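Colleague: I would like to learn how to read the features of a model. Can we take them one by one?
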Amino acid sequence: MIDDGSHNNNDMLTAFEQLWGAVKPGGFYFIEDMCIGRQALDGALQPQIGPVMADVLADWVEQKIIVSDSR
C-alpha cells in the first residue's frame with residue numbers, strides 16, 4: 001500500500017485507519033511526506049490540530065513490539 005495523498009495529519013491518520021486492514025500479512029504500507037506533519041508548507045512550524053502522524057505510528061509500532069514481546 002502506498003499512501004501518497006494529503007500532507008495533513010488528520011487525512012493521513014484517516015487513510016491509515018481505513019487502509020491498514022487491506023495490507024496482507026508480510027505486506028508493506030508506505031506513507032509519503034510524513035515529515036510535513038510538523039511544518040506548514042512554507043517550512044514554518046505550525047500548531048497541530050490532533051496527533052502528528054509520525055508520533056501515532058511510532059506509538060503504534062511500540063505497542064505492537066510490546067505485545068509481541070509479552071507473549
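Modeller: Start with exposure. Buried means under 20% relative accessible area, exposed means over 50%, and partly exposed lies in between. Trp60, at 25% relative accessibility, therefore counts as partly exposed. Keep in mind that this is a predicted model.

Colleague: What is the average pLDDT of the protein chain?

Modeller: The chain averages 80, and 73% of the residues score at least 70. Among the elements, strand β1 (residues 2–3) has the highest mean, 91. Helix α2 (residues 53–69) has the lowest, 82.

Colleague: How many aromatic pairs does the structure hold?

Modeller: Six. Rings pair if their centres lie within 6.5 Å, and planes over 60 degrees apart count as edge-to-face. Take Trp20 and Trp60: their centres are 4.9 Å apart, with 80° between the planes, an edge-to-face pair.

Colleague: Where in the chain do Trp20 and Trp60 sit?

Modeller: In distant parts, 40 residues apart. Trp20 is in the loop between α1 (9–19) and β2 (30–31), while Trp60 belongs to helix α2. Ring pairs also join both to Phe16 and Tyr29 in a cluster.

Colleague: Now the surface. Which residues make the nonpolar patch?

Modeller: Ile2, Phe28 and Phe30 make a patch of about 390 Å². Phe28 lies in the loop between α1 and β2.

Colleague: Is Phe28 buried or exposed?

Modeller: Exposed, because its relative accessible area is 59%, and the cut-off is over 50%.

Methods
Residues are numbered from 1 along each chain as its sequence is written. This is a predicted model: local features need pLDDT of at least 70, side-chain atom pairs count only at pLDDT 80 or more; totals for chains, interfaces and linings use all residues. Side-chain values use heavy atoms; hydrogens and water are left out. pLDDT is the predictor's confidence in each residue, from 0 to 100. Helices (H or I, at least four residues) and strands (E, at least two) are DSSP runs, numbered from the N terminus. Rings of Phe, Tyr and Trp (its six-membered ring) pair if their centres lie within 6.5 Å; planes under 30 degrees apart count as stacked, over 60 as edge-to-face and the rest as tilted. Buried means under 20% relative accessible area, exposed over 50%, partly exposed in between (1.4 Å probe, protein chains only). Patches are made of residues with over 30% relative accessible area and no salt bridge: like charges are joined within 9 Å, nonpolar side chains (Val, Leu, Ile, Met, Phe, Trp, Tyr) within 5 Å. Accessible areas come from the Shrake-Rupley method with a 1.4 Å probe; for residues, only the protein chains shown count as cover. A salt bridge is a side-chain nitrogen of Lys or Arg within 4 Å of a carboxyl oxygen of Asp or Glu.
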